Amino acid sequence: MKMKKRVLCVYDGPRRLWKDDMMLDSEFEVRMHLGDSGAYVTDLDVNTLKRADALLNATEEEKGPWAPDEAADIQQL
């Protein structure tokens with residue numbers, strides 16, 4: 001069994017809005033071909049991008065307040 005992993009980190013400037021790990025068994029992946037070139041995108045990739053887009057288009061109210069400990073995490077980097 002071979003697993004594919006995607007880690008999604010969405011930032012709004014220095015503020016991290018979201019971090020999520022997604023895994024999918026490659027046996028169940030759906031590949032969608034991009035033109036005639038042989039390149040493809042998987043359904044996991046498409047869903048990852050949809051989630052990131054939804055988070056970035058959220059209102060300030062939906063994003064919620066910025067917790068002070070997030071600022072300390074960024075300064076440590």
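Guide: A salt bridge is a side-chain nitrogen of Lys or Arg within 4 Å of a carboxyl oxygen of Asp or Glu. Side chains of opposite charge can pair when their charged atoms come close. In this structure, the side chains of Arg6 and Asp45 form such a bridge, at 2.6 Å from N to O. Arg6 lies in strand E1 and Asp45 in helix H1 (residues 43–56), so the pair ties together parts that are 39 residues apart in sequence. Helices (H or I, at least four residues) and strands (E, at least two) are DSSP runs, numbered from the N terminus.

Visitor: On what kind of model do these values rest?

Guide: This is a predicted model, in which local features need pLDDT of at least 70 and side-chain atom pairs count only at pLDDT 80 or more, while totals for chains, interfaces and linings use all residues. Residues are numbered from 1 along each chain as its sequence is written, and side-chain values use heavy atoms, with hydrogens and water left out.

Visitor: How many salt bridges does the structure hold?

Guide: The structure holds 4 salt bridges. One of them joins the side chains of Lys4 and Glu29, at 3.1 Å from N to O. This pair links distant parts of the chain, with Lys4 in strand E1 (residues 3–12) and Glu29 in the loop between E2 and E3, 25 residues apart. Another is formed by Asp20 and Arg51, whose closest N and O atoms are 2.7 Å apart. Asp20 lies in strand E2 and Arg51 in helix H1, so this pair ties together parts that are 31 residues apart in sequence. Salt bridges that share partners also join Lys4, Glu29 and Arg31 into one network.

Visitor: Is Glu29 buried or exposed?

Guide: Buried means under 20% relative accessible area, exposed over 50%, and partly exposed in between (1.4 Å probe, protein chains only). Glu29 is buried because its relative accessible area is 15%, and Lys4 is buried as well.

Visitor: Which side chain makes a polar contact of 2.8 Å with the side chain of Glu29?

Guide: A polar contact is a pair of N or O atoms within 3.5 Å; within protein, one must be able to donate a hydrogen and the other to accept it, and residues adjacent in sequence count only if both atoms are side-chain atoms. The side chain in question is that of Arg31. Glu29 itself is found in the loop between strand E2 (15–25) and strand E3 (31–33).

Visitor: Which residues make up the largest nonpolar core?

Guide: A nonpolar core is a set of buried Ala, Val, Leu, Ile, Met, Phe, Trp, Tyr and Cys residues joined through side-chain atoms within 4.5 Å. In soluble globular proteins, nonpolar side chains tend to be buried together. Here the largest core has 6 residues: Leu8, Val10, Leu17, Met22, Leu44 and Ala52. E1, E2 and H1 each supply at least two residues of this core.

Visitor: Where is Met22 found?

Guide: Met22 is found in strand E2 and counts as buried because its relative accessibility is 10%. Met22 and Arg6 are 16 residues apart in sequence and 5.2 Å apart in space, C-alpha to C-alpha. Contact means heavy atoms within 4.5 Å. Beyond its neighbours within four places in sequence, Met22 is in contact with several residues, including Leu8, Leu44 and Arg51.
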